[in-house]
Amino acid sequence: MRGSSKPEATLLAPSGQTVRSCRLRQRNLDQPDLPFDPMPERIEPCLALLQPKVPVGPDWLFEVKWDGYRLAVHIDRQDVRILTRGGHDWTHRFPSIAASAKKIGVHTAILDGEAVVLDPQGRSDFGALQRSLGGRGGKRTSTESVMMVFDLLYLDGHDLTGSELAVRRHLLEDLIVAGGDGAIRLSEEVEADGAGLLEHVCHAGLEGIIAKRRQQPYRSGRTGDWLKIKCIQSETFKIIGYELSAAARGGIGSLLLAGKRGNDWVYVGAVGTGFNSKEAASLRNALDRLRTHKPAVPLKGENLVFAQPALIAEIEFRGWSDDGKLRHASYKGLREVQDNAAVFDMTDRGT
């Protein structure tokens, strides 16, 4: 991000290391848009696999991990569609991103990235993104959000999913100028030692980094081609009820959480921090509408109110206790159904 004064620029460049942008020659926009490959209606996203350690070797490319909603932007001349990870059309929810997409000098394209709201230091703030959309189930349009684009899947009649990442990145960097401040920005490759970069972003208060194999094509699902290494663990869990408290804000002392193991729910503990009085009242109203006398997980205790496992919460935590409960958990926000977030699978931690 040479020459950029944006806050995120200072977060991404460890001392003595650079953020790389390779601007290629200008494409000839007068060249006919030949229909070599039909433009897909939707491409299932490639997902990052959680790993505890940073991979080493020249085959890996590193980027900052952004904390928001995964989006695919489909551009067909002046027609733009913005799809969520679950395939829902949210073009109307992100008008600034849609408007910015129309200004990209391209006939047809599919951009892969993450919608985020940045704080004054340039860090992605998931809670701020949720509030900009009106909370879970909200109907607001988010004018504050920007899309950090990290992949290009289709361009002017060419399906790029079979091309290696290095090629896709070069073409993407030709479309989106590094260091821009619009609603669509380039999530740049950081030229740095992976372990050193992780230490840097953790110190800067970012969520973590993404490592990607340079020579691999774009493969949908969690194949291991993309890895995520986090500073602080953050996963999605089902809310299966709450502890009623007359003294706590909104009447909720803590939220009861569950992960999955096969077709069963597994209790992973409770979270009582991270939400304010307004959020607690909203959560209680939503959970009261889902009340049930048959808990998803057999639990006993006074003042427990059980709910059908319908709400998915993003939870930040510091680790796991010996009995399989979350340590130092904090609530970050609810995930939208349209986001198609996967509930944490307990087999991933070997329990």
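Here's a quick tour of a tyrosine and a few cysteines. This is a predicted model, so local features need pLDDT of at least 70 and side-chain atom pairs count only at pLDDT 80 or more, while totals for chains, interfaces and linings use all residues. Residues are numbered from 1 along each chain as its sequence is written, and side-chain values use heavy atoms, with hydrogens and water left out.

- Tyr154 sits in strand E7, residues 146-155 (strands are DSSP runs of at least two residues, helices of at least four, H or I, numbered from the N terminus).
- With 4% relative accessibility, Tyr154 is buried (under 20% relative accessible area; exposed is over 50%, partly exposed in between, with a 1.4 Å probe and protein chains only).
- Beyond its neighbours within four places in sequence, Tyr154 is in contact with residues including Asp37, Met39, Ile110 and Leu160 (contact means heavy atoms within 4.5 Å).
- Met39 is 115 residues from Tyr154 in sequence, yet their C-alpha atoms are 7.3 Å apart.
- The Tyr154 side chain reaches the backbone oxygen of Asp37 at 2.5 Å, and a polar atom of that side chain lies 3.5 Å from the backbone nitrogen of Met39.

**The cysteines**

- The whole structure has 1 disulfide (a pair of cysteine sulfur atoms within 2.5 Å).
- Cys202 and Cys231 form the disulfide, with sulfurs 2.0 Å apart.
- The torsion about their S-S bond is about -95°, so the disulfide is left-handed.
- Cys202 is partly exposed at 31% relative accessibility, and Cys231 is partly exposed at 26%.
- Cys46 is buried, at 2% relative accessibility.

Conventions. Polar contact = N/O pair within 3.5 Å; in protein donor to acceptor, adjacent residues only side chain to side chain.
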